[in-house]
Amino acid sequence: MSKIYPIFCGITVWRPELCTKRLFLYDNVSVRVLVVEDDKAIATSLILGLQSAGMTVTHVATGAQAIAATDFDVMLLDIGLPDLDGFEVCRQVRLTSRVPIIMLTARADEIDRVFGLETGADDYVAKPFGLRELVARIRAVTRRITPQDSAISTTTVIGDLTVDSATRRVTVAGAEIELTTKEFDLLEYLTNEPGVVHRRNEILETVWDTEWYGPTKTLDAHVAALRKKLGHPDWITAVRGVGFRFEINS
Ligand code: CA
């Protein structure tokens, strides 16, 4: 089963030691994630991945346990559960709670997506999904419940470069750099894992659209713009036939 969810099985190199950013609700308080998933392999991958991103994870395998659960900040909810389906769990949780819910679905057609949202879910992720995408969505839904966005620890510092995901501000040696939305998204993505080579398709799917299959000139244009604006063309290296790597060698 687990091999159809390749993201946690090697195609994305998740190297926490290279990542200076961790997801915290507010100062040093990690996000508490309730994983509701009956597939052991998927649950294990999720738990390990989310823990590597600095989150505290609790796991249950049934809808009834999910409804009874307390003390968590966001629920990752599988739809196919042994007792109640995820939609019903979502409905019942919503009777008493506004806690953010992200549905994990293998049924990615539009009807189910809308249904998932109408049921009261805050977001959904279609399997197979990437850890980065999932973390980004958790960050987005938990940001809404934090007391102040400015209190979230979302700043990545690499050498002279500072990327603040909460305020979407970028500075180089203290000087603010004006970036477009997509330029920022691309920089944020590349700097999330400094030194790691990101494949072109992976970048396009994450930064632009998960189902984006157009020409890749857009990516090259944005890389060129970033190099120019940052004033350090060597920070983003093109790896021929693969993709791009962000690295500051001081
Ligand atoms: Ca399931």
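A: Begin with what counts as pairing: two strands pair if DSSP finds at least two bridges between them. In this predicted model, strand E10 (residues 169–172) and E11 are joined in the antiparallel sense by three bridges. Val172 has Ala175 of E11 opposite to it.

Q: In which order do the strands form the open sheet that includes E8 and E9?

A: Strands of a sheet pair through backbone hydrogen bonds, either parallel or antiparallel. Here the order is E8-E9-E10-E11, an open sheet of four strands with antiparallel pairing. Because E8 and strand E11 (175–177) stand at the edges and have a single partner strand each, one side of each lacks a neighbour in the sheet. On average, neighbouring strands of this sheet are turned by 20° against each other, direction ignored.

Q: Which helix lies across E8, E9 and E10?

A: That is helix H6 (residues 181–192), which runs at about 110° to E9.

Q: How many residues lie between the strands in the hairpin of E8 and E9?

A: A hairpin may be read through its bridges and then its turn. Strand E8 (residues 155–158) and strand E9 (residues 161–164) run antiparallel and share four bridges; Thr156 has Val163 in E9 as its bridge partner. Two residues lie between the strands, and Gly159 adopts a positive phi near 55° in this hairpin.

Q: Which residue takes a positive phi in the hairpin of E13 and E14?

A: Gly241 does, with a phi near 80°, in a hairpin that has three residues between the strands. Four bridges pair strand E13 (residues 236–239) with strand E14 (residues 243–246) in the antiparallel sense. Within that pairing, Val239 is opposite Gly243 of E14.

Q: What span should helix H1 have, given its 13 residues?

A: One compares an expected length with the distance between the ends. At 1.5 Å a residue, helix H1 (residues 40–52) should span 18 Å, and this agrees with its end C-alpha atoms, which are 18 Å apart. After H1 comes Gly54, with a positive phi near 90°.

Q: Which residues of H1 are buried?

A: They are Ile42, Ala43, Leu46, Gly49 and Leu50. Seen down the axis of H1, these buried residues fall within an arc of 135°, so they line one face of the helix. Their cover includes strand E3 (32–36), strand E4 (56–60), strand E5 (74–78) and helix H5 (131–143).

Q: Why does Thr105 count as buried?

A: The cut-off is 20 or more other C-beta atoms within 10 Å. Thr105 counts as buried because it has 23 C-beta neighbours inside 10 Å. This residue belongs to strand E6 (residues 101–105). Thr105 and Tyr124 are 19 residues apart along the chain, and their C-alpha atoms are separated by 7.1 Å.

Technical notes:
Residues are numbered from 1 along each chain as its sequence is written. This is a predicted model: local features need pLDDT of at least 70, side-chain atom pairs count only at pLDDT 80 or more; totals for chains, interfaces and linings use all residues. A residue is buried if 20 or more other C-beta atoms lie within 10 Å of its own, exposed if 12 or fewer, and partly exposed in between; C-beta atoms are placed from the backbone. Axes are lines fitted to C-alpha atoms, for helices over the stretch in contact, and angles run from 0 to 180 degrees between N-to-C directions. Two residues are in contact if their C-beta atoms, placed from the backbone, lie within 7 Å. The expected span of a helix is 1.5 Å times one less than its number of residues. The arc is that of the directions from the helix axis to the C-beta atoms.
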